[in-house]
Amino acid sequence: MTQTAHDTGTDTSNDKATAAASGMSATERFKTDKRAGSGVPKERVDLLAREVLDGIHATIRRHKVTYDEYNALKAWLIKVGDDGEWPLFLDVWVEHVIEEVATEHREGSKGTIEGPYYVPDAPEQGANGSVPMRPDEGGVQLTWTGQVTSTDGSPLGGAKVELWHADNDGFYSQFAPGLPEWNLRATFTTDDQGRFEIHTVRPAPYQIPTEGACGRLIDAAGWHAWRPAHLHVKVSAPGHELLTAQLYFPGDEHNDDDIASAVKPELLLAPQPTESGESVSYGFVLDPSQER
Ligand code: MBD
Ligand code: FE
């Protein structure tokens with residue numbers, strides 16, 4: 001299951017975690033996932049493809065795009081594929097609007113984008129446990145307690161809280177080589193009061209991989225590659241809509257200029273210092289599934 005630089009054809013001379021391999025690993029992951037969409041109706045493809053092309057044509061006319069610029073675009077699009085960075089590109093610059101549209105009807109907790117580095121079926125840790133980590137895992141210890149409820153206030157026992165996040169160096173297990181398979185990935189199950197208690201470490205601010213095509217775009221446009229430090233979660237319970245979210249830490253300088261546009265004020269944690277690190281309380285309200 002573990003994706004290594006070697007598996008994905010990326011040339012690295014050692015097995016240490018590198019950012020370059022991560023984009024390519026996300027492509028391999030997506031291809032083996034069951035979620036790749038198919039069967040979009042012809043009418044939708046016609047409408048959407050035509051409107052996107054109309055938008056491109058309008059930009060070309062408005063800004064009198066040259067052959068030099070057209071060829072730079074061609075070369076860059078080829079490079080996105082060669083580098084395996086389509087998932088990274090789409091999740092950083094497009095997914096936030098997909099998520100906005102998909103969840104605008106919700107009354108429960110706000111969510112945000114999934115990003116490219118989710119892996120299903122992380123190890124079960126019960127209602128109260130520690131995320132798998134190395135003995136010398138870097139970062140401040142974080143204790144997170146919370147409750148999962150339905151929009152009517154009833155507690156959701158047996159709800160799943162899947163957590164994944166980068167390590168203190170900004171690397172995700174199974175996407176950067178050299179990390180234990182399930183490092184900083186776990187699944188928690190709420191008790192009969194809907195409660196959970198999670199022990200992990202606080203992740204560091206995160207730079208998306210800059211060695212590939214996305215980095216070239218960022219460079220060429222004079223942007224930056226930073227995302228604020230974040231915890232990823234998926235929260236699910238029978239009869240309820242799946243909530244995909246990320247949680248952020250106050251004071252992070254990139255909360256206001258996340259390259260992936262995925263920060264919302266409702267997703268900010270308020271951690272308190274403790275003797276051994278930090279503790280935080282944050283819970284989730286799930287919307288009942290819509291009847292069809
Ligand atoms: C990430 O860790 C991430 O969360 C997103 C959205 C994009 C790239 C890397
Ligand atoms: Fe992330």
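This is a predicted model: local features need pLDDT of at least 70, side-chain atom pairs count only at pLDDT 80 or more; totals for chains, interfaces and linings use all residues.
Trainee: How is a pair of aromatic rings described?

Mentor: By the distance of the centres and the angle of the planes. Here, rings of Phe, Tyr and Trp (its six-membered ring) pair if their centres lie within 6.5 Å; planes under 30 degrees apart are stacked, over 60 edge-to-face, and the rest tilted. Local features need pLDDT of at least 70 and side-chain atom pairs pLDDT 80 or more, while totals for chains, interfaces and linings use all residues. Residues are numbered from 1 along each chain, and side-chain values use heavy atoms, without hydrogens and water.

Trainee: How many aromatic pairs does this rule give?

Mentor: The count is 13. In one of them, Y67 and Y70, the centres are 6.1 Å apart and the planes at 80°, so this pair is edge-to-face. Both residues lie in helix α3 (residues 67–82), three residues apart, about one turn of the helix. Helices are DSSP runs of H or I, at least four residues, and strands are runs of E, at least two.

Trainee: Are Y67 and Y118 buried or exposed?

Mentor: Buried means under 20% relative accessible area, exposed over 50%, and partly exposed in between (1.4 Å probe, protein chains only). Y67, at 66%, is exposed, and Y70, at 40%, is partly exposed. Y118 is buried, as is W164.

Trainee: What is the geometry of the Y118 and W164 rings?

Mentor: Their centres are 4.9 Å apart with planes at 55°, so the pair is tilted. Y118 is in the loop between α5 (95–103) and β1 (128–130), and W164 is in strand β3 (residues 160–164), 46 residues apart.

Trainee: Which residues do ring pairs link into a cluster?

Mentor: The cluster consists of W76, W86, F89, W93 and W223.

Key
Chains are lettered from A and ligands numbered from 1 in the order in which they are written.
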